[in-house]
Amino acid sequence: MDVFDIFLLEAVLNGLLLGGLLALLSLGLNLIFGVIDVVWICYAELIMCGMYAVYYLHVQYHWPLYAAMPAAILIVAVLGMILHQFVIKPVLAAEPINQLLVTGGVLFFLQAAATLAFGIDFKNLGVSLPAVRIGEMSFSAARLIAFGAAAAGVIGLFVFLNKTYLGTAIRAISQDRAIMPLMGVSPARVYTLTSALGGALAGLGACLLVLQYDVHPAIGLSFGPITFLICVLGGLGSMAGGLIAAFVFAQFISVGGFFFAIEWGYVIAFAFFIAMMFIRPQGLFRR
Amino acid sequence: MIGNYPLHLMILVLLWGYIYTSWSLMGRLGMVSFGHGAFMGIGAYTVVMLWNHFGLSPWIGAPVALALTAVVAIVIAYPCFRFKIVGHYFALVTLALSEVTRLVFVAMRDHTGGSLGATPNGALIEGTSVAVGAVQFSSKWVWLGVVFAFWLLGLWVWRLVDRGMGRLALQAISEDEEAAASVGIHVTRAKLQVTLVSALMTCTGGILYAQYQLYVNPDTVSGIAISLQMVFGVIAGGMFVMLGPTVGAAFTLLLAEGLRLGFGNKYPALDTTIYGVMLVMFIIFMPKGILGAALDGWRRLRVSGTMQS
């Protein structure tokens, strides 16, 4: 019986590690929603672009990982700015649902363009990190690194938003869109900056994901839905809610996957989400 | 005589046109659902699974699938409407529903074949082309007739909803729910009726699709991808006109097939790449879709024409 327990503990701890990663993925989306009031349905596709960037820079052009990863983060940050400038800006005044749909069009485009450019085969970075053994349990080092980097990203963003002038401006805009322009904060610049920041967070997520998973054009579909649902469950725009929701979801997936098949873990998590929406439609934490 | 390939295209345009029309019943009234993949999947899988595992004819499977769809639609939609989950939130809750159904089909792989999909057991004996009991027809003409009938039915329902009192009520709701409720519209009931009709129609679309293709796969009949396909097909064609969804279906299919014939299979995703760019353009510059914009242009031409004469 105690063998059973140790594996359950392993599943719980792995869920914790997964939670860190999911928290980072939902953070960027949450930031953008909180500030610009737009949901990027294509957020996971930006992550996919970042994964391809790391893969090609490292494998094709033989850049070391410590150079390829920052470059990938930069690339996705620029993609985020382009997305805002050319796709979001023209529909900012349109109905909210149009903003959701327009980024859905971008999702189609990025996924198909990736298929066209890179082919449908799974690409592996070829970096294999050892498993870390603690007692009877084993954890992948990639997951531990991802958890650490995700924690650093979350703390970094928190410090940026609370301690710097720009961060304060971003928070101010998200609280009152009408007054802040009168106070000398330019919403257009804050939006561009936020899009870059959201893109950079997607890029960081990409660097961590590419260590653990093969990259292929449809990978966004396996991370996208769960990322939105985490944001909605936490209360769109609420960072703290998103963090907690990420860990709750990760436990459902990990422990559910331990008792049943991994898909059932997801089914339970999604069913929990639907049930929670009816109990607290505004999310766990209302902004 | 028309060859098999054009017939196949016509069948697919009408079938998807019917499914898109079903979706647009809700979409045009402000309920953007990403959950219709679930209804289509339930229709397709219920019928095929009952036939394969219990030998139950689709004639029995279809009512079961419809009942199941109705239950799922009400269980999800009633609380959504009751608690005023609208806009983004409605879209994302229904998105979760699509993913749940897809994952359930994958997870029950011992029965459904998982991601590999499943094929209904063949019922056509050598020499026959029609098996009415199993709803399997080898003649494409039969299928054309069947999907044409359903497509007409879809348009008729669209018109019925459009002409009915309900539409005015729902339009009022989509613009301002509180105000609509204050003038005595039963918001929840009005929304639920349209949702139920739309879900059941989509479910029959799923059944027809499975029986026509004789193959079901979690990714091609359910999940986020197929739900988005419906949403965007309708947007491309035009959400607010009767034939808009059909135009959308024809446009997307002909674009894909045209590029495939033009370039062969050298560029496998060229059609979706172009399609994605066009969707973004549509939403930014032409939110009424192809048919909607064309009708507007035609009307403007006629107005300026009468003014000159």
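Two residues are in contact if their C-beta atoms, placed from the backbone, lie within 7 Å. This is a predicted model: local features need pLDDT of at least 70, side-chain atom pairs count only at pLDDT 80 or more, and totals for chains, interfaces and linings use all residues. Residues are numbered from 1 along each chain as its sequence is written, while chains are lettered from A and ligands numbered from 1 in the order in which they are written.

**View 1. F247(A) in helix 9 of chain A.** F247(A) sits in helix 9 (residues 239-259) of chain A. Helices here are DSSP runs (H or I, at least four residues), numbered from the N terminus. Leaving out residues up to four places away in sequence, F247(A) touches L16(A), G19(A) and A23(A). F247(A) counts as partly exposed because it has 17 C-beta neighbours inside 10 Å. (A residue is buried if 20 or more other C-beta atoms lie within 10 Å of its own, exposed if 12 or fewer, and partly exposed in between.) From F247(A) to I230(A), 17 residues apart in sequence, the C-alpha distance is 9.2 Å.

**View 2. The contact between chain A and chain B.** Chain A supplies 36 residues and chain B 40 residues. Helix 4 (96-118), helix 8 (219-234) and helix 10 (262-279) of chain A each give two or more residues to the side that touches chain B. Helix 4 of chain A gives the most, with 15 residues. By class, this side of chain A has 31 nonpolar, 4 polar and 1 charged residues. (Ala, Val, Leu, Ile, Met, Phe, Trp, Tyr, Cys and Pro count as nonpolar, Asp, Glu, Lys and Arg as charged, and the others, Gly among them, as polar.)

**View 3. G248(B) in helix 12 of chain B.** G248(B) belongs to helix 12 (residues 244-263) of chain B. G248(B) counts as buried because 29 C-beta neighbours lie inside 10 Å. Beyond its neighbours within four places in sequence, G248(B) has contacts that include Y20(B), G233(B) and G289(B).

**View 4. Helix 2 of chain B.** This helix (residues 36-54) has 19 residues and reaches 27 Å from its first C-alpha to its last. Of the 19 residues, 15 are buried, so helix 2 of chain B is largely enclosed by the rest of the structure. G55(B) follows the helix, with a positive phi near 65°.

Terms used: Expected span 1.5 Å × (residues − 1).
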